[in-house]
Amino acid sequence: MRVIVAPDSFGETLTAVEAAESISAGWRRGRPEDDVVTAPQSDGGPGFVDVLATAGGDIRTARVSGPLTAAVDATWLFDSDTAYIESAEAVGLGLLGGLPTRDTALAAHSRGVGELIAVALEAGVRTVVVGLGGSCCTDGGRGLVEALGGLEVAAAATAGTQLVAATDVEHVLLGEHGAAAVFGPQKGADAEAVAVLEARNARWAEQLESATGKRVSDFPGAGAAGGIGAALFALGAQRRSGADVVADRTGQAALLASADLVITGEGKFDHQSLRGKLVTTLASAGAAHGVPTLVFAGQVTLDEADYASTSIVAAKSVTDFAGSVERAMEEASACLEGLAEHTAREWNFWRGVRR
């Protein structure tokens, strides 16, 4: 059996590359006769640059503003005339130095992402692809624009460059489905802080509309990465699926066409996963080739009925296998590897009973 191992990152515990290696090692021990191919994936969030770099290019590092006060070393990928930037490298949750709080939710900004774009422009690229996801900010991309000199200067600086907002998140900037309301609580914001962030972004949205003549805050994906999507759209960016960017660069279609099984995964398999995130996007792509998908996740909150209409045949929880959330996080690689081995050993019997 030919198995394609193509996970996303597992939150802050494992990168997509690390997760792919752990799953592959475990599966090979459980079914040594299988042909296992690792192909880590990303939807534009954490790990975007590392995953894209597996297909070539030059990884570069720039010192930029972090999400609070300290500067950080952020990597980006230079390949011919294209730059691939990962917003989480400058404003990721993991850069807070601890758990997110109300104070960090209100203070975090996206200046470092704008500085990375400036570095890429100085390198002479003609296309800048910005992967959106995993951020700790909810500033609507205001920091990004300010780092580029303000809306007018930023628009002029990027006028001759193709900007791409790589995201699979469809949320708009404002309202009940917007950046503050949906993602703010995950970034430490309580109800009062969410209201403050929403009000700030509403005022920012007015400025963006006044400058562009377009309601970019209503564009699908405008709320991605704390609203960085809205700022990029104001600068003329086109939206593209982050998963598709990675799929094209890593030759995903050819891999799926040759597969008997796809194994993917992420930190938490929940209802958000069913709204266009990488796991279900990959499962749909596999289904087009008649290939079933198996999901490993740190936590699984969905029942089989929730994903019965997809080509996902099962979702396995690392936490359940480990026995506790603490062990699943502290020994993430070993537990994921063990779960993969256990599932592989029982695959034929389990598959026959369950499907």
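This is a predicted model: local features need pLDDT of at least 70, side-chain atom pairs count only at pLDDT 80 or more; totals for chains, interfaces and linings use all residues.
Student: Let us start with the rings. How is a pair of aromatic rings described?

Tutor: A pair is described by the distance of the ring centres and the angle of the planes. This structure holds four aromatic pairs. One of them is Trp76 with Phe78, 6.2 Å centre to centre. Their planes stand at 90°, an edge-to-face pair.

Student: Are Trp76 and Phe78 buried or exposed?

Tutor: Trp76 has a relative accessible area of 2%, so it counts as buried. Phe78 is at 18%. The cut-off for buried is under 20%, so Phe78 counts as buried too.

Student: Which pair is tilted?

Tutor: Phe269 and Tyr307 form a tilted pair. The centres are 5.7 Å apart, with 55° between the planes. This pair links distant parts of the chain, 38 residues apart. Phe269 is in strand β9, residues 261–269. Tyr307 is in the loop between β10 and β11. Both Phe269 and Tyr307 are buried.

Student: Back to Phe78. What lies over the face of that ring?

Tutor: Arg60 does, at 4.0 Å from the ring centre of Phe78.

Student: Now the strands. Where do the side chains go in a regular strand?

Tutor: They alternate between the two faces of the sheet. Now look at how strands pair here. Strand β3 covers residues 58–65, and strand β4 covers residues 71–79. They pair in the antiparallel sense over eight bridges. In this pairing, Arg63 stands opposite Asp73 in β4.

Student: How many residues lie between β3 and β4?

Tutor: Five, and the two strands form a hairpin.

Student: What does β4 do with β5?

Tutor: β4 and β5 run antiparallel, joined by four bridges. Strand β5 spans residues 82–86. Trp76 stands opposite Ile85 in β5. These strands also form a hairpin, with two residues between them. In that turn, Ser80 has a positive phi of about 60°.

Student: Which parts does the Arg29 and Glu337 pair tie together?

Tutor: Arg29 lies in helix α1 and Glu337 in helix α16, so the pair ties together parts that are 308 residues apart in sequence. Arg29 has 40% relative accessibility, so it counts as partly exposed.

Student: What does Asp79 pair with?

Tutor: Asp79 forms a salt bridge with Arg249, with the closest N and O atoms 2.8 Å apart. Asp79 lies in strand β4 and Arg249 in helix α11, so parts 170 residues apart in sequence are tied together. At 26% relative accessibility, Asp79 counts as partly exposed. Arg249 is at 19%, so it counts as buried.

Student: Which residues do salt bridges with shared partners join into one network?

Tutor: Arg29, Glu337, Glu341 and Arg345.

Student: What about Glu33 and Arg31?

Tutor: They form a salt bridge, with the closest N and O atoms 3.8 Å apart. Glu33 is exposed, at 55% relative accessible area. Arg31 counts as buried, at 9%.

Student: Last topic, the nonpolar cores. How many residues has the largest one?

Tutor: The largest nonpolar core has 46 residues. Those with the most contacts inside it are Val128, Leu144, Ile228 and Leu232. Helix α10, residues 224–234, gives the largest share of this core, eight residues.

Definitions and conventions:
Residues are numbered from 1 along each chain as its sequence is written. Side-chain values use heavy atoms; hydrogens and water are left out. Rings of Phe, Tyr and Trp (its six-membered ring) pair if their centres lie within 6.5 Å; planes under 30 degrees apart count as stacked, over 60 as edge-to-face and the rest as tilted. Buried means under 20% relative accessible area, exposed over 50%, partly exposed in between (1.4 Å probe, protein chains only). A charge sits over a ring if NZ of Lys or CZ of Arg is within 6 Å of the ring centre and within 35 degrees of the ring normal. Two strands pair if DSSP finds at least two bridges between them. A salt bridge is a side-chain nitrogen of Lys or Arg within 4 Å of a carboxyl oxygen of Asp or Glu. A nonpolar core is a set of buried Ala, Val, Leu, Ile, Met, Phe, Trp, Tyr and Cys residues joined through side-chain atoms within 4.5 Å.
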